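User: Hi! Could you walk me through some strand pairing in the structure I'm about to share?

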Amino acid sequence: MKRTTLSLIAGATALAAVTGFAALTAPEGTAAPEATKATTRLPVERVGLACPVPSSSEVAETVYTSYTPAGTDTGKTPGADKDKGDDKDKAEKPTALLKPATGATASGGTGKKPTAPKAPATVTTPGKPVTAEANGASVPALTGSATGALAPGWTVQQTTVVPAGGSRGLLGLTCGAPDTDFWFPAASTAKARHDYVHLTNPDDTAAVADITLYGPEGVLKSQFTEGIPVPAHSTVPVLLSTLTQEAAQRDVTVHVTTRSGRVGAAVGVADDKLGSDWLSASADPSGSVVLPGIPADATSVRLVVFAPGQDDADLKVKLSTANGAIVPAGASTLHVKSGMTTSIDLPDLTRGSAASLFLAPENAKRPVPVVAALQVVRGKGEKSEIAFIPAAGPISARATVADNRAKASTLSLTAPDADAQVRITASAGSGAGTPASKTVTVRAGTTTALTDLVPQGLKGSYALTVEPVSGGKVHAARTLAVPQDGIPMFTVQTLTDDRGTVEVPSARQDLGVLD
């Protein structure tokens, strides 16, 4: 029997730095080496993103903003330079580039020839956002990746203005990383709604996806929802109302999973009366949920919750305001039956103050995981506009949102459990501007809304980066408001931790492998 020794630091560390994930498991019945408990964090060396088809409207105007935060140098696998020898001088330059999905058709399958952005939003230097424009209905889905020093924290914002027509509105989306599991509460199959789930595959191999719909009474009888093929570098839009013959449902929870491969997923919503926007995926199921960034002038707020497990959930509902957490009138608790979508209207919720919503288990010793989202409306009558706020996880290290504009952006921060300090940095502008930063304290139970952090001498748009400094967990969202023709057009993006670094073993370890 021959014994081979593998160096983990050359294998696991390289894998972690490239993919953002590495796991070491000792053989069953043996203890893991003591030194493996010592770890370090290295910046990721490659990340990928997928942006869906932005609109089917001929008058749509879309801007892509690509950005990598400054201040994180790419980590190198220990010993890598020694292994490469003379090849290290030939290393590829860092890149961050979006390009059309090669198998994509524009406009949700109209067959029109896709039209890429006029100039690719290619980042060349961390700390400075880059923009690209693409107008009309023939803009395809985009996929891309960032490598080297441009990978840690790379983010892309897709912002579309549709000034008129049935899908008019301001549609905002932070292009997502490919994954295998997504939850979308607050979707709908109602007659007035036209909701498409967009599945975009950025990888070189095909993916196969399943879609499950849950209404107020449980799973909706569906067709054509299993084994949906998503070819490599392609996008597939699926109209939710065509997947079921059951009566139209105002509130539906959509569950997207993959049998093989990965996809980026987002739900494009168009309402005949309330405009349109993107619905991003909720944070992973959790016993406690935070929905940050409800605009101060919201005229309608609807909460949609789903419990995916075997148990019902009994939740306490609290509204976080600038002065502290309070119980909304008539909505102190919410009972959510397992496998059924539950919703509740929250009238006159904010009363002129930006806010967030907290959901927590009534029995702290028996939390039941849930997913949730808010449907938010600003304005009244024909001058109404819709947006969505999915549940957001806490920012553990750093999160960034791009395409902020002077006098149009509001950053909302909330700390549900304990006082917290965060550092906020406004980047240089895409045209010009000097970066600015400040440290903000968020008191426990409150929501802080900031509108004053703008780069000096700003030209173009800028990015906002949030980094925890001390104290409790912080959740954040950005509202972008661009009124047009009396309609208070807006969109809300929650900030997701950018996972720009990955934890890897910090010392060379030998793992015995038996042949």
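This is a predicted model: local features need pLDDT of at least 70, side-chain atom pairs count only at pLDDT 80 or more; totals for chains, interfaces and linings use all residues.

User: Great. What is the strand order in the open sheet of four strands?

Analyst: The order is β33-β29-β36-β37, and the pairing is antiparallel.

User: Which strands stand at the edges there?

Analyst: Those are β33 (447–450) and β37 (490–494). Each has a single partner strand, so one side of each lacks a neighbour in the sheet.

User: And how much are neighbouring strands turned against each other?

Analyst: On average by 20°, with direction ignored.

User: How many bridges join β29 to β33?

Analyst: Four, with β29 covering residues 409–414 and the two running antiparallel.

User: Nice. Switching topic: what about β21 and β25, how many bridges join them?

Analyst: Six, again antiparallel, with β25 spanning residues 355–361. Within that pairing, K316 sits opposite A360 of β25.

User: How does β21 pair with β23, parallel or antiparallel?

Analyst: Antiparallel, over four bridges between residues 313–321 of β21 and residues 333–336 of β23. Here A313 faces V336 in β23.

User: And what joins β21 to β22?

Analyst: A hairpin does, through two residues. The two strands run antiparallel and share three bridges, β22 being residues 324–326.

User: Remind me, what do strands pair through in general?

Analyst: Backbone hydrogen bonds, in either a parallel or an antiparallel arrangement.

Note on methods
Residues are numbered from 1 along each chain as its sequence is written. Side-chain values use heavy atoms; hydrogens and water are left out. Two strands pair if DSSP finds at least two bridges between them. Axes are lines fitted to C-alpha atoms, for helices over the stretch in contact, and angles run from 0 to 180 degrees between N-to-C directions.
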